[in-house]
Every structure is written in C-alpha cells, then in structure tokens.
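Subject: Structure handover

Hello,

Here is the structure I said I would pass on. My notes on it follow below the entry.

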Amino acid sequence: MSMVKSSTHTVSHARMRALAEFRFTLRKFLHFSEEAAIHAALKPQQHQLMLQIAGAPAGAVTTIGYLAERLALRHHSVVELSDRCEEAGLIVRSRDPQNRRQVVLELTAAANRVLADLTADHARELTELGPQLIQALKGCIAP
C-alpha cells in the first residue's frame, strides 16, 4: 500500500480515496440542493438562510449574528442576503422582545410553504444518497 508523507503524519491512498468518495457524494447532494432551490425560484443562499431560520433550535434567536455563524458567512454578507430575502417576501424582521436592540429574522407563510416542499425533496434525495454518504464517511473515519 502506498503512502503519502506529510510534515505531521502518513496518510494512505485508501484514506484519500475514501475522502474523495465522501466529498464526491456530499457534492452530489449539495448540487441537488442548489438545483432544487433554483427550480423553486430561489437562490441557493436564500434556501440556506431560510432553512437555518426554520431549523433553529428552541430558544435560539435568529439574528444576523446567529445566521452568519450558521452559514459561515460574514455579518455584512448575511445582511445583504436577508435584505434580498425580505424584498422577495421570504422573511420579515422584528425586534427581539427580550432585547430590543436585536433584530430577529422570521419566515413568511410563503417561505414556509416553499421550504416545506424543498425539505420533502431533500428528504427523498437523502433516502437515495444517504447510504452512500454514510458508507463514504465510515471510510474516512475508520482507524
């Protein structure tokens, strides 16, 4: 078995193949997700913002800062994205009753309907790709 030597450790080609397979399968799912959003007349980033708002755990306040962290984006990028979502009628902004300085982003009824359809589509896709994704991940984390 051939090995690649890095400055900190040796990695087998089998491990690299497993990582490549995982990335490929994950990319197939992400591509599906992007195309599904576009088909629903959304930009993929709008879908991701909506999903993070809808999927926030109980007690989480869906502020720009919270969403920036969840989307791994800069604060100003989420402000711009939320502006576009608000203009499209997907979100509304309100003041947090606990902290009037914070602005909370919430989904509109229209956004909830679109998101429900997209979530059902994603569940079907994961039913198909899930086993491949799990197998590929197992190959990456195996000792």
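Is alanine 72 buried or exposed? With a relative accessible area of 70%, alanine 72 is exposed, because the cut-off for that class is over 50%. Please keep in mind that this is a predicted model.

Alanine 72 sits in the loop between H3 and H4. Its phi is positive, about 55 degrees, although the residue is not a glycine. Alanine 41 also has a positive phi, near 65 degrees, and is likewise a residue other than glycine. Alanine 41 belongs to the loop between H1 and H2, and at 69% relative accessibility it counts as exposed.

Overall layout

The chain contains five helices and four strands. Their order along the sequence is β-β-α-α-α-α-β-β-α. The radius of gyration is 19 Å, whereas a compact globule of 143 residues would have one near 15 Å. Along the principal axes, the C-alpha atoms fill a box of roughly 60 × 35 × 25 Å.

Of the 143 residues, 30% are buried. The accessible surface is about 9400 Å², and carbon and sulfur atoms make up 57% of that surface. Among contacts with a separation of 6 or more, 48% are between residues 24 or more positions apart. As for charge, there are 17 positive and 14 negative side chains, with the centres of the two sets 8 Å apart.

Nonpolar cores

The largest nonpolar core has 21 residues. Those with the most contacts inside this core are Leu49, Met50, Ile53, Leu67, Leu90, Ile91 and Leu107. At least two residues of the core come from each of helix H1 (13-39), helix H2 (44-54), helix H3 (64-71), helix H4 (75-87), strand S4 (103-107) and helix H5 (109-141). The biggest contribution is that of H3, with five residues. Another core, of five residues, lies apart from this one; among its members are Phe22, Leu133, Ala136 and Cys140.

Helix H2

Which residues of H2 are buried? They are Gln46, His47, Leu49, Met50, Gln52 and Ile53. The buried residues of this helix pack against H1, H3, H4, strand S3 (91-95), S4 and H5. For isoleucine 53, leaving out residues up to four places away in sequence, the residues touched are Thr62, Leu67, Ile91, Leu105, Glu106 and Leu107.

Methionine 16 is in helix H1. How far apart in space are methionine 16 and cysteine 140, C-alpha to C-alpha? The distance is 8.0 Å, although 124 residues separate the two in sequence.

Leucine 137 is in helix H5. Leucine 137 is also partly exposed, at 37% relative accessibility. From leucine 137 to glycine 55 the C-alpha to C-alpha distance is 24 Å, and the two are 82 residues apart in sequence.

Regards

Conventions:
Residues are numbered from 1 along each chain as its sequence is written. This is a predicted model: local features need pLDDT of at least 70, side-chain atom pairs count only at pLDDT 80 or more; totals for chains, interfaces and linings use all residues. Side-chain values use heavy atoms; hydrogens and water are left out. The radius of gyration is taken over C-alpha atoms; the globule rule is 2.2 Å times the number of residues to the power 0.38. Buried means under 20% relative accessible area, exposed over 50%, partly exposed in between (1.4 Å probe, protein chains only). Contact means heavy atoms within 4.5 Å. Accessible areas come from the Shrake-Rupley method with a 1.4 Å probe; for residues, only the protein chains shown count as cover. Lys and Arg count as positive and Asp and Glu as negative; His and the chain ends are not counted. The place of a charge is taken as NZ of Lys, CZ of Arg, CG of Asp or CD of Glu. A nonpolar core is a set of buried Ala, Val, Leu, Ile, Met, Phe, Trp, Tyr and Cys residues joined through side-chain atoms within 4.5 Å.
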